[in-house]
Amino acid sequence: MGALPALAIEDVVSDRTIDASTPADRYTVRAGATLTGNQANLVSVSANAGSGLVLDGGSVDSRSSTLSFGILGQSADISLNNVQVEGRQTGVQLTGNASNPAQASITGGRVAGQNFGLQMQAAYTVYVNGTTVEGRDRSALLAYGGQLTAVGATFIGHDSAVLAADSSNSGSGPSLAFYGSTLQSSNGAAIQIGMPGFATHADVLIADGSRLSGEGGRLVDVQAGSLANVAVLGSALEGNLLAGDNAELSVTLGQGASLTGDILAAASAKANLNMADGALFTGRLENVADVSLANGATWQLVEDTTQQNLTLNGGVVRLGDDSAYRTLTLGQLSGNGGRFDLRTNFATGETDFIDVTGSSSGNHVLNVASSGSDVGVERIHVVHTADGGADFTLNNGRVDLGAWSYQLLSENGNSDWYLDSSSQEVSPGAASALALFNSAPSVWYGEMTTLRSRMGEIRRDASQTGGWVRTYGNKFNLAGGGGIGYRQLQQGLSFGADAPVALGDGQWRLGVMGGYSQSSLDLQRGTSGEVKSFYIGAYGTWSDEASGYYIDAVVKANRFRNEAKVALSDDTRTEGDYNNLGLGTTLEFGRRLALSEGWFVEPYAQLAALTVQGRSFTLDNGLHADGDSARSLLGKAGATLGRRIELGEGRSVQPYVRAAYAHEFAKRNDVSINDNRFNNDLSGSRGELGAGLAVNLNERVQVHADFDYAKGERVEQPWGVNPGVRYLW
């Protein structure tokens, strides 16, 4: 290969502007002068201290010259906008010490060199925006010092994408910040701190979705004797961070940061990991002496791990996963409010385990994974501390396993902590199943209340055909035989039509009805259920005007859509649903006794029977519930006292009050949950009170509203209301 041609060097001693028409040449810019290029094409530029270089578009290409650089800034201010720079060895070289500061701004375009794309020393504060920087044989960026901020830039290197090295061997070095940038190396680490024989100190920020890739997964490599502070924010990294002999590496993972990989330090190195604000680390730690987790930051173990010091201040350590159970051995545990996510197998006794061999302090939470399967062992050892200094509680105060929830037991002066299967209560999953299987009768009777209150009005207008529509709402507080208490809030709509029918003596009236209701079940602790009910039915009434006797009868069929939403102790959720059918009837006998001035009293007795199809279903977590057919046989005796006030022209007002005694006779509505049998009936007595008002606006239109209250051992109805309208034609 022949010698490279020599080109003339133009001295710029005063401000000068060149453009695309200016022949390509080499330029030296002297102190006090500024060279401005608009779409100019140059061979090279050397800008001395106190000078300036401003290039907009165009190119700089020194590969045909004897100079190693495309652009050389010597404590000169540099501004490049969409410029294509190619250097024979280095694209842009920025030199000078901190005592003579300068700035460089590179926006868009490309900066490349055979060895280095961009080289900078302590004098420079450099801003790179949207630029591709490439070093084909060595590194895209060689930073001996200074400050670099890169936004949306790409750094492509061979031995490394970024090399921070102090050529003076003083141990000082650069401060580098990458925002939304890409750093990739084909034959080394994405970022290398220091070189053999040249220790350095570098501060590195990786933020806003920046991506790093290096050969063999090496993201950051801190060479022997060097020191690096690496902070990650808002970026997901996959790969390893390394620290060599006598090196120091401090890693900080902050908000929106995650690292999947390992942090590996030599035995003589010093390394620590600090995490906060929801950051996530998944991987191994080797010779990382101190780990601090705060404000929801999480460390996911990937193997059995020994860690010297762990400080938890609201941080989380997740031990096992679906593939294995793991042991975490700690030299010291400190902080307060930490959480350990554990997995256990109560069937086999396998478990994640925490072993603190030295001092322990603080109050920490054990979040044990819930399961739909029941226990098979008596208790499981989950924590040991040598000094008994730390206290542990279960997340949400329990662990949910199958049909039961269990507590945490400590022994040996708080040194040993066990999950204890002897202290059990019904789990939220089991409670949701019991509540759903138990809800159909209260749903059915809540729907029936609206029709029961209307039958008296129907009898008083026995000679006319009519239709009606009503909305209703009911609240129930229920405590089934399984010991499960819950609140049920129901709302719905009923409609129907009826007509007089000639059948022997007395007045007969027959009708059909339909409707829909939705009931929400609140079991507290975040567990809920929902029952959607669709129904059709027929009803009839017979009355004798002379004696006042009457008989009311109703038959109604339902289709129930049942859904459980369960909040578990480990803050996960599980769901399940099923459909079933119900059929019920009521028969009421009573007598209306007329008193003076429109007053009346109406004693009555009622018997209602309901059967609901038994079904089974399984929650997402594997809990299996099998309910027998639910039955209800409810008897009532009571009386209504009211007064009808005639207002003339077909108008009237009728207020009333009602009191009744009810008793549920049905027992043993059994439910099996993971082969645990529960009696789930609502048997017992209760008192009922009601009040209402019916207003005839004219001979055809009637509006009405009814209010109900009930109180019993297992059923309480704090309120029920059902307004509606009836039209006669």
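This briefing describes selected features of the structure shown above. The model is a predicted one. A search of the whole structure finds 32 salt bridges, and six residues, D61, R63, E86, R110, E134 and R136, are linked in a network of such bridges. The structure also holds an open sheet of 8 strands with parallel pairing, and a nonpolar surface patch that includes V469.

**The parallel sheet**

- The strands of the open sheet follow the order 29-32-35-38-40-42-44-46.
- Strand 29 (236-238) and strand 46 (391-394) stand at the edges; each has a single partner strand, so one side of each is left without a neighbour in the sheet.
- On average, neighbouring strands of this sheet are turned by 15° against each other, direction ignored.
- V317 has F340, in strand 42, as its bridge partner.
- Strands of a sheet pair through backbone hydrogen bonds, in either a parallel or an antiparallel sense.

- Side chains of opposite charge can pair when their charged atoms come close.
- E134 and R110 meet through their side chains in a salt bridge, at 2.2 Å from N to O. E134 lies in strand 17 (residues 132-135) and R110 in strand 14, so the pair ties together parts that are 24 residues apart in sequence.
- E134 is buried, with a relative accessible area of 16%, whereas R110 is partly exposed at 25%.
- Both E134 and R110 belong to the network that also includes D61, R63, E86 and R136.
- D498 and R509 form a salt bridge in which the closest N and O atoms are 2.6 Å apart. Because D498 lies in strand 51 (residues 485-501) and R509 in strand 52 (residues 507-522), this pair ties together parts that are 11 residues apart in sequence.
- Both D498 and R509 are buried.
- A salt bridge also joins R326 and D321, with 3.2 Å between the closest N and O atoms. R326 is buried, with a relative accessible area of 7%, while D321 counts as partly exposed at 26%.

**Residues with positive phi**

- Most residues other than glycine have a negative phi.
- N82 has a positive phi, near 55°, and is a residue other than glycine. N82 is found in the loop between strand 10 (77-81) and strand 11 (84-87), and at 45% relative accessibility N82 counts as partly exposed.
- D675, likewise not a glycine, has a positive phi of about 70°. This residue lies in the loop between strand 63 (670-673) and strand 64 (676-679), and D675 is exposed, with a relative accessible area of 73%.

**A nonpolar surface patch**

- V469, L493, F495, L697, V703 and V725 form a nonpolar patch on the surface, and together they have about 440 Å² of accessible area.
- V469 is placed in strand 50 (residues 466-479) and is partly exposed, with a relative accessible area of 34%.

**Two buried strand residues**

- D670 is in strand 63 and counts as buried at 12% relative accessibility. The side chains of D670 and R677 are joined by a polar contact of 3.4 Å.
- G113 is in strand 14 (residues 110-113) and counts as buried at 0% relative accessibility. G113 and S62 are 51 residues apart in sequence, and their C-alpha atoms are 9.5 Å apart in space.

Methods: Residues are numbered from 1 along each chain as its sequence is written. This is a predicted model: local features need pLDDT of at least 70, side-chain atom pairs count only at pLDDT 80 or more; totals for chains, interfaces and linings use all residues. Side-chain values use heavy atoms; hydrogens and water are left out. Helices (H or I, at least four residues) and strands (E, at least two) are DSSP runs, numbered from the N terminus. Buried means under 20% relative accessible area, exposed over 50%, partly exposed in between (1.4 Å probe, protein chains only). Patches are made of residues with over 30% relative accessible area and no salt bridge: like charges are joined within 9 Å, nonpolar side chains (Val, Leu, Ile, Met, Phe, Trp, Tyr) within 5 Å. Accessible areas come from the Shrake-Rupley method with a 1.4 Å probe; for residues, only the protein chains shown count as cover. A salt bridge is a side-chain nitrogen of Lys or Arg within 4 Å of a carboxyl oxygen of Asp or Glu. Two strands pair if DSSP finds at least two bridges between them. Axes are lines fitted to C-alpha atoms, for helices over the stretch in contact, and angles run from 0 to 180 degrees between N-to-C directions. A polar contact is a pair of N or O atoms within 3.5 Å; within protein, one must be able to donate a hydrogen and the other to accept it, and residues adjacent in sequence count only if both atoms are side-chain atoms.
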